[in-house]
Every structure is written in C-alpha cells, then in structure tokens.
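The following exercises concern the structure shown below. Please work through each task before reading its solution.

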Amino acid sequence: MKPQGLCTVCAKELGLPQVDEMMKRMGNIDVEIVAEQELPDGNFPTVRVPNPEEKDGFNLALAMQKELGADLCVGTDPDCDRVGIACMTADGTPRLLNGNQIGCVLLHYILSQKKERGELPENAAAVTTIVSTKMAKAIAESYGCKMVEVLT
C-alpha cells in the first residue's frame, strides 16, 4: 500500500508549495488537500484558533484522514511557519503529536540520515530550549551529538 499524506490549512500561495515539495522529496506519497482550508482567508472560518498545533485546527483534516486511511496528516498555518502533525495509529485512530514529539522525530531523522551518509561530524551539536523535552538530549547523545540548552 502506498503511503498517503493529508495536508490542511496550507495556503495555496504561501505554505502549500513548501509542504508539497516536502512530500515529493519523501517519496511516492499521495497528497490530499482539505479544500475548505486550501485558500488563505484571514477570518479563518474553519477553525476556532488558526494554530496547527491546536486540535481544533485539525477537525476537518482528521475526519478526512480517517476516511482516507491516510498515514500522516500535516497541518500548517497559512504562511507555513507553524506545523502540526497527526499520524494514524495501529487501531485506525489519528493521534496528534505535540511540538516536543515533532521536534524529537525531526532530530532523530536528521541525525540518523547524517550518520548514514557519513556526514555527522565528531563534534556535532544540536540546540534545544530549557522548556523543551529532555528526550531530545537522549536522542542527540545516542548519536554522539552534544545537546546545547538555551533560554527560549
């Protein structure tokens, strides 16, 4: 079965080209767009709060994700500087990831790919904040990468 992705709250002229490119680079993924959230509308009529990290912003997308059986749902705000992600669980229920979880997945992916390609330097370092999960440090250290903690 080919993986499916679902995108919501991506403004066609702003964030959508970046998300579309990301999905293409990930491989052979079918992408579906929530039509009601494709075009920019400053009134944000389909959400209570236009923040893709809020579950409310995913209501239309989660319904579509479940209907399609999509593995992944990526939601952005219109200019694509904030992102939310929902993944399909084994029992067919979408699960929203929080910012700490998304950050850890991205950190693991970046470090694993750099290591696989032989591009991870011996003095590798990553940066986190004092309010972020401590899991990021454990991930970094598992790759021999120093974690630098800074203020927010």
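**Exercise 1: A loop residue**

Phe-44 is placed in the loop between strand S2 (30-33) and helix H2 (59-68); helices (H or I, at least four residues) and strands (E, at least two) are DSSP runs, numbered from the N terminus. The model is predicted: local features need pLDDT of at least 70, side-chain atom pairs count only at pLDDT 80 or more, and totals for chains, interfaces and linings use all residues. Residues are numbered from 1 along each chain as its sequence is written, and side-chain values use heavy atoms, with hydrogens and water left out.

Task: State whether Phe-44 is buried, partly exposed or exposed, and describe its phi.

Solution. Step 1: buried means under 20% relative accessible area, exposed over 50%, and partly exposed in between (1.4 Å probe, protein chains only). Step 2: at a relative accessible area of 28%, Phe-44 is partly exposed. Step 3: the phi of Phe-44 is near 45 degrees, which is a positive value in a residue other than glycine.

**Exercise 2: A strand and its hairpin**

Task: Describe the setting of strand S3 (residues 72-76) and of the loop residue Asp-77.

Solution. Step 1: strand S3 is largely enclosed by the rest of the structure, because 4 of its 5 residues are buried. Step 2: S3 and strand S4 (residues 83-88) run antiparallel and are joined by 5 bridges; two strands pair if DSSP finds at least two bridges between them. Step 3: opposite Val-74 stands Ile-85 in S4. Step 4: the hairpin has 6 residues between the strands, and there Cys-80 takes a positive phi near 70 degrees. Step 5: Asp-77 lies in the loop between S3 and S4 and is buried, with a relative accessible area of 4%.

**Exercise 3: Two helices**

Task: Determine how helix H3 (residues 99-116) and helix H4 (residues 135-142) are arranged, and which residues meet.

Solution. Step 1: the axes, lines fitted to C-alpha atoms over the stretch in contact, with angles from 0 to 180 degrees between N-to-C directions, come within 10 Å and cross at roughly 10 degrees. Step 2: H3 is therefore roughly parallel to H4, a class for angles under 35 degrees. Step 3: with contact meaning heavy atoms within 4.5 Å, Cys-104, Leu-107, His-108 and Leu-111 in H3 meet Met-135, Ala-136, Ile-139 and Ala-140 in H4.

Conventions. Angles under 35 degrees count as roughly parallel, over 145 as roughly antiparallel, 65 to 115 as roughly perpendicular and the rest as oblique.
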